Amino acid sequence: MSTLMDNANTTGAEVDAAVIEALHEAFESGELVLFVGGGISAAAGLPTWRQLVDLLVERVREQVGDDVVTAEVAALARSQRYSEALGAAEHALGAAEFNAFVEDALDDEGLDPPRIALAIAALRDKLRAVLTTNLNRLLERAFGEDWETLWRVTDDVAWRRRIILKLHGTLKEPASWVFARDRFLASIAAPAVRRSLTAVLSKCPVLFIGFGRADGNFDEMLSDIHALSGSSPPPRFVIVPSASLTPYRRTTLVDMGFLLLPYDTPDGSHDRALDILDRMRAPRARGAATASRSSRSILPPPIPDLELPPSSSPLGFPAYDLPPDSAGYDDTATMPGALGAPRRDRASEPPASPIEVFFSYSESNRELRDKLETHLAILKRKGVIRGWHDGEIGAGEERDQALADHLETARVILLLISADFLASDFCYDVEMQKAIERHERGEARVIPVILDACDWEGAPFGKLASLPRGGRPVTSWVNQSEAFTDIAKGIRKQVEQLTQNPP
């Protein structure tokens with residue numbers, strides 16, 4: 001019987017199917033991190049690293065006119081030591097000239113995000129984060145404004161979600177550029193930063209896409225990631241052109257634990273990488289899906305758009321429009337059987353009866369709960385929601401029964417997460433457990449709201465999309481009103497979906 005490791009020497013259909021199944025499992029977990037290389041930029045018509053270096057060789061020849069200097073940059077380019085070639089070109093041209101040339105060469109203004117970028121963005125509802133070596137904004141434009149962009153590794157990336165982390169910097173900020181491996185290692189040298197990045201790579205499955213032989217130092221980067229991932233890392237997948245996998249390189253990558261998904265490029269295009277993404281996200285047979293459900297502690301219930309705002313992802317959810325700059329990408333999805341009823345247009349009128357929103361919180365967080373409730377005032381005024389918490393219990397009412405009744409009937413349950421919440425037997429063992437049970441049955445939408453920094457991701461609700469965006473604790477925001485506004489907007493989107501898709 002073939003194993004996942006057999007694909008060190010073969011790309012047979014049976015082995016590929018096994019790796020695809022493992023990739024599908026990682027994707028469905030909601031923890032998959034994408035690592036996107038320069039192939040996405042090349043697909044839009046921007047130069048690869050090799051082409052950029054070749055252009056710089058000519059620029060050095062024109063501007064410097066020194067044959068020795070030009071020959072040095074050219075020799076580094078021929079040896080595929082691209083980061084060193086870039087460093088030598090910067091030294092020869094001077095920082096100002098080098099920065100201006102690179103910024104002009106890699107500028108994506110006026111270019112549409114390529115099909116592969118849009119296909120990656122279509123996965124965003126179930127991705128944890130995206131790491132990329134691209135400097136331009138193609139991925140940011142494809143993903144839309146609801147994903148935050150960072151261009152510096154920080155000590156909080158372990159708990160951030162829905163972020164695009166640009167490891168080499170961003171184009172319009174030359175001071176952020178990281179071309180050389182030693183500069184990358186220096187950028188993650190701080191112990192807190194390194195621990196945070198290690199936490200992500202040792203916990204989350206990673207899929208590499210958009211890399212090939214023309215990407216300088218890619219194998220060294222994989223080696224760095226291998227070292228940061230610990231002794232028993234989660235699966236790490238590489239979608240890569242077959243032509244770039246020489247026998248030794250293939251064996252080396254597999255020995256480091258990478259699962260390879262090679263694809264052919266017979267016409268010079270990378271369309272077959274899109275086919276692999278389609279296979280990854282395609283619904284599995286009912287039996288396989290059932291087996292997977294039984295192995296997880298918490299799963300999305302069978303109602304559409306539970307966890308995140310809508311997108312055009314063809315993952316069994318309804319079809320929505322991509323952001324304006326992705327027009328022309330046809331990625332229409334059909335709702336599966338039970339969910340196939342026509343969707344109503346967004347209602348301009350409030351629902352016939354307000355949707356009850358239940359606040360589950362620790363008494364020590366009462367002040368933060370009150371602030372959140374204040375930010376939901378507009379939804380209350382419009383009659384869209386009705387908030388409920390233990391402060392609503394009247395004199396003479398039996399407290400436990402009132403809590404149980406409302407926890408059973410609320411259609412939205414907010415878990416206000418803090419260390420005190422996790423330490424509370426009643427919050428964790430009673431309210432949270434009941435909420436999760438209703439979530440799994442599709443009876444309610446459970447939204448974790450991260451109030452304060454704590455180790456919450458291993459909890460049963462840890463795989464649900466949290467608020468504020470990226471799971472950043474409210475107390476870590478300089479302006480907490482911005483955090484509560486972000487939370488209120490996220491809750492409003494969920495409530496709007498409920499009014500459009502009544503049970």
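Ser481 is partly exposed, because its relative accessible area of 39% lies between the 20% limit for buried residues and the 50% limit for exposed ones. In this predicted model, Ser481 belongs to helix α20, which covers residues 480-500. His375 stands 106 residues away from Ser481 along the chain, yet the C-alpha atoms of the two are separated by 8.4 Å.

The protein as a whole contains 20 helices and 11 strands. Of its 503 residues, 51% are buried.

Two packed helices are described by the angle between their axes and the distance between the axes. The table sets out two such pairs.

| Helix pair | Residues | Axes come within | Crossing angle |
|---|---|---|---|
| α17 and α19 | 399-409 and 425-440 | 9 Å | roughly 30 degrees |
| α3 and α5 | 49-63 and 82-93 | 10 Å | roughly 25 degrees |

The axes of α17 and α19 cross at roughly 30 degrees, and α17 is therefore roughly parallel to α19, since angles under 35 degrees count as such. The crossing of this pair is right-handed. On the side of α17, the contact is formed by Leu403, Leu407, Glu408 and Thr409, while α19 contributes Phe426, Val430, Glu431, Lys434 and Arg438. Sorted by class, the residues joining α17 to α19 are four nonpolar, one polar and four charged.

For α3 and α5, the axes cross at roughly 25 degrees, so α3 is likewise roughly parallel to α5. The crossing of α3 and α5 is left-handed. From α3, the residues that make the contact are Trp49, Arg50, Leu52, Val53, Leu56, Arg59, Val60 and Gln63; from α5, they are Tyr82, Ala85, Leu86, Ala89, Ala92 and Leu93. The contact of α3 with α5 has 11 nonpolar residues, along with one polar and two charged residues.

In handedness, then, the crossing of α17 and α19 is right-handed, whereas that of α3 and α5 is left-handed.

Methods
Residues are numbered from 1 along each chain as its sequence is written. This is a predicted model: local features need pLDDT of at least 70, side-chain atom pairs count only at pLDDT 80 or more; totals for chains, interfaces and linings use all residues. Side-chain values use heavy atoms; hydrogens and water are left out. Axes are lines fitted to C-alpha atoms, for helices over the stretch in contact, and angles run from 0 to 180 degrees between N-to-C directions. Helices (H or I, at least four residues) and strands (E, at least two) are DSSP runs, numbered from the N terminus. Angles under 35 degrees count as roughly parallel, over 145 as roughly antiparallel, 65 to 115 as roughly perpendicular and the rest as oblique. A crossing is left-handed if the near helix is turned anticlockwise from the far one by less than a right angle, and right-handed if clockwise. Contact means heavy atoms within 4.5 Å. Ala, Val, Leu, Ile, Met, Phe, Trp, Tyr, Cys and Pro count as nonpolar, Asp, Glu, Lys and Arg as charged, and the others, Gly among them, as polar. Buried means under 20% relative accessible area, exposed over 50%, partly exposed in between (1.4 Å probe, protein chains only).
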